[in-house]
Amino acid sequence: MHLRNTLTRYGAVAQLFHWAIVALVITQFVLAERAEGLSPVAKIGILATHKSVGITILGLALLRLTWRLFNPVPPLPAGAPRWQDRAAHVSHFLLYALLFITPVLGWLMSSARAFSVSWFGLVTLPDFIEPNKAAYETLHDAHEFMAKSLAVIAIVHAAAALKHHFFDRDNVLRRMLPVRDRTPQS
Amino acid sequence: MRKYPHLSYLFVLVLVCGSVALAATQWTLQPKESKLTFVGIQADAQFEGTFERFTADIKFDPKDLAGSHFDVKIDTASVNTRDSERDDAIKSDDLFAVKQFPSAHYVAERFTAKGGNKFTAVGRLTLRNVTREVPIEFTFDQKDKSAWLEGSAQLKRLDFGVGQGDWKETKDVGNDVKVSFVLLLK
(Lines give C-alpha, C1' and ligand atoms only; values in the text may rest on other atoms or scores of the structure.)
Protein backbone atom coordinates (compact mmCIF):
# COMPACT_ATOMS: atom_id res chain seq x y z
CA MET A 1 0.00 0.00 0.00
CA HIS A 2 1.24 3.48 -0.86
CA LEU A 3 1.85 6.02 1.84
CA ARG A 4 0.53 8.79 -0.37
CA ASN A 5 -2.85 8.96 -2.05
CA THR A 6 -3.06 7.63 -5.59
CA LEU A 7 -5.55 8.61 -8.28
CA THR A 8 -7.96 5.94 -7.09
CA ARG A 9 -7.14 5.21 -3.46
CA TYR A 10 -6.32 6.86 -0.17
CA GLY A 11 -2.76 6.16 0.95
CA ALA A 12 -1.75 4.63 4.27
CA VAL A 13 -1.21 8.00 5.97
CA ALA A 14 -4.62 9.38 4.99
CA GLN A 15 -6.26 6.11 6.09
CA LEU A 16 -4.46 6.17 9.40
CA PHE A 17 -5.61 9.75 10.03
CA HIS A 18 -9.17 8.86 9.07
CA TRP A 19 -9.57 5.77 11.25
CA ALA A 20 -7.61 7.13 14.20
CA ILE A 21 -9.93 10.14 14.29
CA VAL A 22 -12.98 7.88 13.97
CA ALA A 23 -11.82 5.85 16.98
CA LEU A 24 -11.00 8.96 19.03
CA VAL A 25 -14.28 10.70 18.24
CA ILE A 26 -16.21 7.59 19.35
CA THR A 27 -14.08 7.54 22.52
CA GLN A 28 -15.08 11.16 23.16
CA PHE A 29 -18.79 10.37 23.06
CA VAL A 30 -18.29 7.40 25.39
CA LEU A 31 -16.25 9.48 27.88
CA ALA A 32 -18.65 12.44 27.80
CA GLU A 33 -21.59 10.09 28.34
CA ARG A 34 -19.89 8.26 31.20
CA ALA A 35 -18.90 11.50 32.94
CA GLU A 36 -22.56 12.31 33.53
CA GLY A 37 -23.68 11.22 36.96
CA LEU A 38 -20.24 10.31 38.27
CA SER A 39 -18.88 11.53 41.60
CA PRO A 40 -17.07 14.89 41.35
CA VAL A 41 -13.62 13.31 41.66
CA ALA A 42 -14.26 10.58 39.08
CA LYS A 43 -15.73 13.24 36.81
CA ILE A 44 -12.56 15.32 37.01
CA GLY A 45 -10.53 12.26 35.97
CA ILE A 46 -12.72 11.21 33.08
CA LEU A 47 -13.05 14.77 31.78
CA ALA A 48 -9.25 15.13 31.97
CA THR A 49 -8.99 12.22 29.53
CA HIS A 50 -11.81 13.67 27.41
CA LYS A 51 -9.90 16.95 27.13
CA SER A 52 -6.61 15.25 26.30
CA VAL A 53 -8.27 13.14 23.60
CA GLY A 54 -10.05 16.23 22.27
CA ILE A 55 -6.79 18.11 21.90
CA THR A 56 -5.32 15.03 20.20
CA ILE A 57 -8.18 15.12 17.69
CA LEU A 58 -7.55 18.82 17.09
CA GLY A 59 -3.86 18.12 16.47
CA LEU A 60 -4.58 15.16 14.20
CA ALA A 61 -7.15 17.19 12.24
CA LEU A 62 -4.52 19.89 11.67
CA LEU A 63 -1.92 17.36 10.54
CA ARG A 64 -4.48 15.61 8.39
CA LEU A 65 -5.52 18.80 6.64
CA THR A 66 -1.86 19.70 6.07
CA TRP A 67 -1.23 16.25 4.62
CA ARG A 68 -4.29 16.65 2.42
CA LEU A 69 -2.97 19.96 1.04
CA PHE A 70 0.03 18.14 -0.41
CA ASN A 71 -1.90 14.99 -1.28
CA PRO A 72 -4.90 15.54 -3.51
CA VAL A 73 -7.67 13.14 -2.59
CA PRO A 74 -8.84 10.59 -5.18
CA PRO A 75 -11.86 11.92 -7.09
CA LEU A 76 -15.34 10.62 -6.44
CA PRO A 77 -16.46 7.85 -8.78
CA ALA A 78 -17.60 9.16 -12.16
CA GLY A 79 -21.22 8.90 -13.10
CA ALA A 80 -22.75 9.72 -9.74
CA PRO A 81 -25.55 12.29 -9.77
CA ARG A 82 -24.37 15.84 -9.29
CA TRP A 83 -26.25 16.26 -6.02
CA GLN A 84 -24.36 13.30 -4.55
CA ASP A 85 -21.01 14.84 -5.44
CA ARG A 86 -22.06 18.09 -3.85
CA ALA A 87 -23.44 16.37 -0.78
CA ALA A 88 -20.16 14.48 -0.40
CA HIS A 89 -18.09 17.69 -0.65
CA VAL A 90 -20.32 19.60 1.74
CA SER A 91 -20.34 16.81 4.31
CA HIS A 92 -16.56 16.36 4.10
CA PHE A 93 -16.11 20.09 4.57
CA LEU A 94 -18.46 20.09 7.56
CA LEU A 95 -16.75 17.08 9.13
CA TYR A 96 -13.39 18.82 8.93
CA ALA A 97 -14.83 22.05 10.26
CA LEU A 98 -16.43 20.27 13.22
CA LEU A 99 -13.20 18.42 14.00
CA PHE A 100 -11.69 21.85 14.62
CA ILE A 101 -14.63 23.72 16.09
CA THR A 102 -15.72 21.10 18.64
CA PRO A 103 -12.38 20.73 20.46
CA VAL A 104 -11.70 24.48 20.35
CA LEU A 105 -15.10 25.14 21.96
CA GLY A 106 -14.32 22.51 24.58
CA TRP A 107 -10.99 24.14 25.30
CA LEU A 108 -12.59 27.59 25.61
CA MET A 109 -15.38 26.31 27.83
CA SER A 110 -12.79 24.82 30.17
CA SER A 111 -11.00 28.16 30.37
CA ALA A 112 -14.33 29.88 31.01
CA ARG A 113 -14.61 27.82 34.21
CA ALA A 114 -10.98 28.43 35.19
CA PHE A 115 -10.11 24.80 34.42
CA SER A 116 -7.01 24.93 32.25
CA VAL A 117 -6.64 22.10 29.77
CA SER A 118 -3.70 19.78 30.16
CA TRP A 119 -2.73 17.44 27.35
CA PHE A 120 -2.12 14.14 29.17
CA GLY A 121 -0.26 16.00 31.92
CA LEU A 122 2.52 16.92 29.51
CA VAL A 123 1.53 20.40 28.37
CA THR A 124 -0.92 22.84 29.86
CA LEU A 125 -2.69 24.82 27.18
CA PRO A 126 -3.09 28.57 27.51
CA ASP A 127 -6.45 30.05 28.48
CA PHE A 128 -7.66 32.44 25.82
CA ILE A 129 -10.64 33.69 27.79
CA GLU A 130 -11.20 34.82 31.34
CA PRO A 131 -13.41 32.78 33.66
CA ASN A 132 -17.01 33.80 33.08
CA LYS A 133 -20.05 31.79 33.99
CA ALA A 134 -22.33 33.10 31.23
CA ALA A 135 -19.66 32.47 28.60
CA TYR A 136 -19.19 28.98 30.01
CA GLU A 137 -22.88 28.16 29.62
CA THR A 138 -22.92 29.37 26.03
CA LEU A 139 -19.70 27.57 25.13
CA HIS A 140 -20.91 24.39 26.80
CA ASP A 141 -24.12 24.38 24.78
CA ALA A 142 -22.24 25.20 21.59
CA HIS A 143 -19.71 22.40 22.25
CA GLU A 144 -22.53 19.93 22.76
CA PHE A 145 -24.39 21.11 19.68
CA MET A 146 -21.29 20.82 17.50
CA ALA A 147 -20.52 17.35 18.88
CA LYS A 148 -24.06 16.21 18.10
CA SER A 149 -23.86 17.72 14.62
CA LEU A 150 -20.58 15.89 14.10
CA ALA A 151 -22.25 12.62 15.12
CA VAL A 152 -25.19 13.15 12.76
CA ILE A 153 -23.03 14.06 9.76
CA ALA A 154 -20.59 11.22 10.49
CA ILE A 155 -23.48 8.75 10.55
CA VAL A 156 -24.78 10.07 7.21
CA HIS A 157 -21.21 9.90 5.87
CA ALA A 158 -20.83 6.28 7.02
CA ALA A 159 -24.25 5.36 5.66
CA ALA A 160 -23.30 6.83 2.28
CA ALA A 161 -20.07 4.81 2.25
CA LEU A 162 -21.99 1.64 3.08
CA LYS A 163 -24.53 2.41 0.36
CA HIS A 164 -21.66 2.71 -2.13
CA HIS A 165 -20.22 -0.55 -0.88
CA PHE A 166 -23.33 -2.71 -0.75
CA PHE A 167 -25.66 -1.15 -3.32
CA ASP A 168 -23.45 0.56 -5.89
CA ARG A 169 -20.79 -2.13 -5.40
CA ASP A 170 -18.00 0.37 -6.09
CA ASN A 171 -14.70 1.07 -4.33
CA VAL A 172 -15.64 4.19 -2.36
CA LEU A 173 -15.43 2.40 1.01
CA ARG A 174 -12.62 0.07 0.00
CA ARG A 175 -10.34 2.90 -1.02
CA MET A 176 -10.31 4.09 2.61
CA LEU A 177 -9.48 0.56 3.82
CA PRO A 178 -6.27 -1.44 3.63
CA VAL A 179 -7.88 -3.94 1.24
CA ARG A 180 -7.75 -4.54 -2.49
CA ASP A 181 -10.14 -2.90 -4.89
CA ARG A 182 -12.94 -5.00 -6.33
CA THR A 183 -11.66 -4.37 -9.83
CA PRO A 184 -7.89 -4.12 -9.50
CA GLN A 185 -6.71 -1.06 -11.37
CA SER A 186 -3.01 -1.62 -11.14
CA MET B 1 18.03 55.13 96.60
CA ARG B 2 15.96 57.01 99.07
CA LYS B 3 17.86 60.10 98.34
CA TYR B 4 16.95 59.95 94.74
CA PRO B 5 13.48 58.38 94.50
CA HIS B 6 13.16 59.54 90.90
CA LEU B 7 16.07 57.46 89.86
CA SER B 8 14.11 54.25 90.06
CA TYR B 9 11.44 55.75 87.81
CA LEU B 10 14.09 56.78 85.41
CA PHE B 11 15.50 53.30 85.47
CA VAL B 12 12.10 51.78 84.66
CA LEU B 13 11.55 54.36 81.94
CA VAL B 14 14.86 53.53 80.30
CA LEU B 15 14.06 49.85 80.53
CA VAL B 16 10.61 50.30 78.95
CA CYS B 17 11.90 52.55 76.19
CA GLY B 18 14.76 50.17 75.50
CA SER B 19 12.51 47.15 75.21
CA VAL B 20 10.09 49.05 72.97
CA ALA B 21 12.96 49.99 70.72
CA LEU B 22 14.16 46.40 70.70
CA ALA B 23 10.77 44.78 70.11
CA ALA B 24 10.05 43.95 66.51
CA THR B 25 7.83 46.44 64.73
CA GLN B 26 4.12 45.84 64.94
CA TRP B 27 2.69 46.16 61.46
CA THR B 28 -0.83 46.67 60.27
CA LEU B 29 -2.00 44.65 57.29
CA GLN B 30 -3.41 46.60 54.36
CA PRO B 31 -6.07 44.11 53.22
CA LYS B 32 -6.87 45.78 49.89
CA GLU B 33 -3.34 45.55 48.58
CA SER B 34 -2.59 42.19 50.17
CA LYS B 35 -3.21 38.79 48.65
CA LEU B 36 -3.24 35.24 49.94
CA THR B 37 -3.44 32.72 47.14
CA PHE B 38 -2.82 29.05 46.45
CA VAL B 39 -2.17 26.92 43.43
CA GLY B 40 -3.59 23.43 43.28
CA ILE B 41 -3.49 20.82 40.58
CA GLN B 42 -6.62 19.44 39.01
CA ALA B 43 -6.66 17.11 36.03
CA ASP B 44 -2.92 17.75 35.61
CA ALA B 45 -3.47 21.48 35.20
CA GLN B 46 -2.83 24.15 37.81
CA PHE B 47 -5.62 26.32 39.12
CA GLU B 48 -5.38 29.34 41.35
CA GLY B 49 -7.49 30.20 44.33
CA THR B 50 -7.66 33.24 46.56
CA PHE B 51 -8.72 33.69 50.16
CA GLU B 52 -10.79 36.85 50.13
CA ARG B 53 -10.79 37.25 53.90
CA PHE B 54 -7.89 36.81 56.28
CA THR B 55 -6.18 38.74 59.04
CA ALA B 56 -2.48 38.92 59.71
CA ASP B 57 -0.93 40.07 62.93
CA ILE B 58 2.66 40.73 61.87
CA LYS B 59 5.46 41.67 64.20
CA PHE B 60 8.62 41.74 62.22
CA ASP B 61 12.00 43.39 62.30
CA PRO B 62 14.97 42.04 60.35
CA LYS B 63 17.12 43.17 63.29
CA ASP B 64 15.01 41.43 65.87
CA LEU B 65 14.04 38.05 64.48
CA ALA B 66 13.71 36.63 67.98
CA GLY B 67 10.97 39.14 68.75
CA SER B 68 9.22 38.64 65.41
CA HIS B 69 5.95 36.84 65.14
CA PHE B 70 3.30 36.10 62.48
CA ASP B 71 -0.24 35.18 63.35
CA VAL B 72 -2.53 34.70 60.37
CA LYS B 73 -6.19 33.70 60.48
CA ILE B 74 -7.85 32.65 57.27
CA ASP B 75 -11.58 32.48 56.66
CA THR B 76 -11.83 29.14 54.85
CA ALA B 77 -15.27 29.96 53.44
CA SER B 78 -13.77 32.94 51.61
CA VAL B 79 -12.01 30.66 49.12
CA ASN B 80 -12.45 31.75 45.51
CA THR B 81 -11.16 29.71 42.57
CA ARG B 82 -13.25 31.56 40.00
CA ASP B 83 -15.60 28.59 39.60
CA SER B 84 -18.52 28.44 42.01
CA GLU B 85 -18.94 24.69 41.63
CA ARG B 86 -15.32 24.06 42.53
CA ASP B 87 -15.58 26.53 45.43
CA ASP B 88 -18.59 24.65 46.77
CA ALA B 89 -16.67 21.38 46.51
CA ILE B 90 -13.70 22.87 48.39
CA LYS B 91 -15.98 24.18 51.13
CA SER B 92 -17.76 20.84 51.47
CA ASP B 93 -17.28 18.43 54.37
CA ASP B 94 -14.76 16.26 52.50
CA LEU B 95 -12.36 19.15 51.89
CA PHE B 96 -12.29 22.34 53.99
CA ALA B 97 -15.49 21.52 55.88
CA VAL B 98 -16.02 25.24 56.44
CA LYS B 99 -19.06 24.78 58.65
CA GLN B 100 -17.08 22.73 61.14
CA PHE B 101 -13.74 24.49 60.64
CA PRO B 102 -14.46 28.07 59.61
CA SER B 103 -10.90 29.24 59.95
CA ALA B 104 -7.35 28.13 59.39
CA HIS B 105 -4.58 29.46 61.57
CA TYR B 106 -0.90 29.99 60.93
CA VAL B 107 1.60 31.01 63.60
CA ALA B 108 5.28 31.57 62.86
CA GLU B 109 7.87 32.21 65.54
CA ARG B 110 11.24 30.83 64.48
CA PHE B 111 12.79 33.11 61.88
CA THR B 112 16.11 32.77 60.09
CA ALA B 113 17.85 35.35 57.93
CA LYS B 114 18.97 34.00 54.56
CA GLY B 115 20.91 36.99 53.37
CA GLY B 116 19.72 40.22 51.82
CA ASN B 117 15.97 40.60 52.15
CA LYS B 118 15.39 36.84 52.32
CA PHE B 119 14.12 34.99 55.37
CA THR B 120 12.62 31.70 56.35
CA ALA B 121 10.26 30.93 59.17
CA VAL B 122 8.96 27.75 60.66
CA GLY B 123 5.41 27.95 61.75
CA ARG B 124 2.46 25.81 62.58
CA LEU B 125 -0.56 25.64 60.34
CA THR B 126 -3.85 24.46 61.74
CA LEU B 127 -6.35 23.40 59.14
CA ARG B 128 -9.35 21.16 59.80
CA ASN B 129 -8.11 20.99 63.39
CA VAL B 130 -4.88 19.32 62.27
CA THR B 131 -1.70 21.18 63.21
CA ARG B 132 1.53 20.66 61.34
CA GLU B 133 4.80 22.48 60.91
CA VAL B 134 4.91 24.43 57.68
CA PRO B 135 8.06 26.34 56.75
CA ILE B 136 7.73 29.50 54.71
CA GLU B 137 10.22 31.43 52.64
CA PHE B 138 9.74 35.13 52.21
CA THR B 139 11.27 38.46 51.38
CA PHE B 140 10.78 41.61 53.40
CA ASP B 141 11.20 44.99 51.74
CA GLN B 142 10.74 48.02 53.87
CA LYS B 143 10.48 51.49 52.46
CA ASP B 144 9.85 54.32 54.86
CA LYS B 145 6.79 53.41 56.87
CA SER B 146 5.51 50.58 54.73
CA ALA B 147 6.80 47.14 53.84
CA TRP B 148 6.04 44.34 51.43
CA LEU B 149 6.12 40.83 52.77
CA GLU B 150 6.12 38.31 49.98
CA GLY B 151 6.59 34.57 50.15
CA SER B 152 5.31 31.06 49.80
CA ALA B 153 4.94 27.67 51.41
CA GLN B 154 4.59 24.18 50.01
CA LEU B 155 2.22 21.79 51.66
CA LYS B 156 0.35 18.58 51.08
CA ARG B 157 -3.41 18.84 51.45
CA LEU B 158 -3.81 15.28 52.71
CA ASP B 159 -1.48 16.02 55.65
CA PHE B 160 -4.35 18.11 56.97
CA GLY B 161 -7.11 15.74 55.96
CA VAL B 162 -8.20 18.07 53.16
CA GLY B 163 -9.55 15.21 51.10
CA GLN B 164 -11.81 12.63 52.68
CA GLY B 165 -13.54 9.78 50.90
CA ASP B 166 -13.10 10.01 47.13
CA TRP B 167 -10.99 13.13 47.53
CA LYS B 168 -8.11 11.11 49.03
CA GLU B 169 -7.28 10.26 45.45
CA THR B 170 -4.35 12.36 44.18
CA LYS B 171 -4.14 11.44 40.50
CA ASP B 172 -6.80 13.91 39.41
CA VAL B 173 -6.65 16.29 42.36
CA GLY B 174 -3.00 16.78 43.28
CA ASN B 175 -1.77 16.48 46.85
CA ASP B 176 0.74 19.33 46.47
CA VAL B 177 -0.48 22.84 47.08
CA LYS B 178 1.59 25.97 46.93
CA VAL B 179 0.43 28.83 49.08
CA SER B 180 1.67 32.33 48.26
CA PHE B 181 1.24 35.64 49.94
CA VAL B 182 1.94 39.25 49.13
CA LEU B 183 1.20 41.50 52.09
CA LEU B 184 1.39 45.25 52.27
CA LEU B 185 2.17 46.37 55.81
CA LYS B 186 2.07 49.85 57.28
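A residue is counted as buried if 20 or more other C-beta atoms lie within 10 Å of its own, with C-beta atoms placed from the backbone. By this criterion, buried residues make up 25% of the 186 residues of chain A in the present structure, which is a predicted model. The C-alpha trace of chain A spans about 55 × 30 × 25 Å along its principal axes. Four helices and two strands are found in chain A, and their order along the sequence is α-α-α-β-β-α. Of the contacts in chain A between residues at least 6 apart in sequence, 61% join residues at least 24 apart.

Helix H4 of chain A covers residues 133–168, and its 36 residues, at 1.5 Å a residue, should span 52 Å, which agrees with the 51 Å that separates its end C-alpha atoms. The expected value follows because the span is taken as 1.5 Å times one less than the number of residues. Within H4(A), the buried residues are Tyr136(A), Leu139(A), His143(A), Met146(A), Ala147(A), Leu150(A) and His164(A). In general, an α-helix has 3.6 residues a turn, so residues three or four places apart point the same way. Just after H4(A), a positive phi of about 55 degrees is taken by Arg169(A).

Helix H3 of chain A also meets helix H2 (residues 40–69), the axes of H2(A) and H3(A) coming within 9 Å and crossing at roughly 145 degrees. This crossing of H2(A) and H3(A) is left-handed. On the side of H2(A), the contact is made by Lys51(A), Gly54(A), Ile55(A), Ile57(A), Leu58(A), Ala61(A) and Leu65(A), while H3(A) contributes Tyr96(A), Leu99(A), Phe100(A), Pro103(A), Val104(A), Gly106(A) and Ser110(A). Sorted by class, the contact of H2(A) with H3(A) comprises ten nonpolar, three polar and one charged residues.

Beyond the arrangement within chain A, the model also contains a contact between chains, to which chain B gives 16 residues and chain A gives 16 residues. On the side of chain B that touches chain A, the most is given by strand E3 (residues 45–51) of chain B, with three residues. The residues of this side of chain B divide into six nonpolar, three polar and seven charged.

Definitions and conventions. Residues numbered from 1 in each chain as written. Chains lettered and ligands numbered in written order. Predicted model: local features only at pLDDT ≥ 70, side-chain atom pairs only at ≥ 80, totals over all residues. Contact = placed C-beta atoms within 7 Å. Nonpolar A, V, L, I, M, F, W, Y, C, P; charged D, E, K, R; others polar. Buried ≥ 20, exposed ≤ 12 C-beta atoms within 10 Å, placed from the backbone. Axes fitted to C-alpha atoms, helices over the stretch in contact; angles between N-to-C directions. Left-handed = near helix turned anticlockwise from the far one by under 90°.
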